[in-house]
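Below is a short briefing on one protein model and its ligand.

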Amino acid sequence: MGVVNVTPDSFSDGGVTLRAEDAIATARRMVAEGAAIVDVGGESTRPGSEGVSPDEELRRVVPVLEGLAGELPVSIDTSKAEVARRALALGAELVNDVTALRGDPELAEVVAETGAYLCLMHMLGTPRTMQADPRYEDVAAEVAAFLEERLSFAVAAGVPEERICLDPGIGFGKTVEQNFELVRRLDVLLALGRPVVVGFSRKSSLGHIVGDEDATTGPLAAGLAAAVTAYERGATILRVHDVRETAEALAVAQAVGA
Ligand code: HH2
């Protein structure tokens, strides 16, 4: 899954593809480089962010979706029913909701009615508060219990279980150690029986682990190692900013594992 942020303030690439034509070109390049789907988002959820209005989010993503006109598999990274509805009408196939259907009470119905795929992600708190001293007794078990509950909620709302994937939410209310533990113990999430998404790409924990205490992003090489280790532990979808490099790293992991 290639990340296309149509935002001025995303944590690693804010402003890079804010213009629709740049976002469209990036999405096409990512698919040419090996992405199976591109995740288009118009709102940053980086630590400390406040969120944007539905109108602003639509203003950012609609021209990109119109430009792509259903030519590529697209996921819409949103928590808002209004944005999801419009994106799905413009050809998006998957709704990637970092609130796991807790943000907008109407989003479940939109996903159920349209037959879209859905990604449910774990987050502790909100982007504004999530990195303030996150605590768990057992991070993998608690994230799995949360995702199991959200999965039941989505199914009860009419989203078929086979259309749902789950994501531990790397960096969303977790310490550096907790992020790595979630990948190490991915089997606990896989036991829920749904495909698991991992989005470690460029996240600051990667910078911390290679010695930069003040990192707000992580280096590419560290992100590739995270992608490969997540893949080897059973992740099905890797949400990444650097598609070509990730596809090359995964080609090696696959060749070894074949
Ligand atoms: N991470 C980000 C955003 N959306 N969705 C899922 N399912 N999993 C993730 O790990 C995830 C996500 C944050 O990355 P990015 O979109 O690059 O940054 P920002 O939120 O600042 O736009």
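**Salt bridges and ligand site**

A search over the whole of this predicted model turns up 19 salt bridges. One of them joins the side chains of Arg128 and Glu50, with an N to O distance of 4.0 Å. Arg128 belongs to the loop between E5 and helix H5 (139–156), and Glu50 to the loop between strand E2 (38–41) and helix H2 (54–68), so this pair ties together parts that are 78 residues apart in sequence.

- The side chain of Ser44 places an N or O atom 2.7 Å from an oxygen atom of the ligand.
- For Asn5, the distance from a side-chain N or O atom to a ligand oxygen is 3.0 Å.

**Cover and pocket**
- On its own the ligand has 480 Å² of accessible area, and the protein covers 99% of this.
- The largest pocket is the space that the ligand takes.

**Shell around the ligand**
- There are 18 residues around the ligand, and those that come nearest are Ser10, Ser44, Asp167, Lys203 and His241.
- By class, the shell residues comprise six nonpolar, seven polar and five charged.
- At least two shell residues come from strand E1 (2–5), and at least two from strand E5 (117–121).

Conventions: Residues numbered from 1 in each chain as written. Predicted model: local features only at pLDDT ≥ 70, side-chain atom pairs only at ≥ 80, totals over all residues. Heavy atoms only, no water. Near = heavy atom within 4 Å. Polar contact = N/O pair within 3.5 Å; in protein donor to acceptor, adjacent residues only side chain to side chain. Areas by Shrake-Rupley, 256 points an atom, 1.4 Å probe, with all protein chains shown as cover. 1 Å grid on protein atoms, 1.4 Å probe; cavity = no way out; pocket = protein on both sides within 12 Å on 5 of 7 lines; lining within 4 Å. Sits in = over half its atoms within 2 Å of the grid points. Helix = DSSP H or I, 4+ residues; strand = E, 2+ residues; numbered from the N terminus. Nonpolar A, V, L, I, M, F, W, Y, C, P; charged D, E, K, R; others polar.
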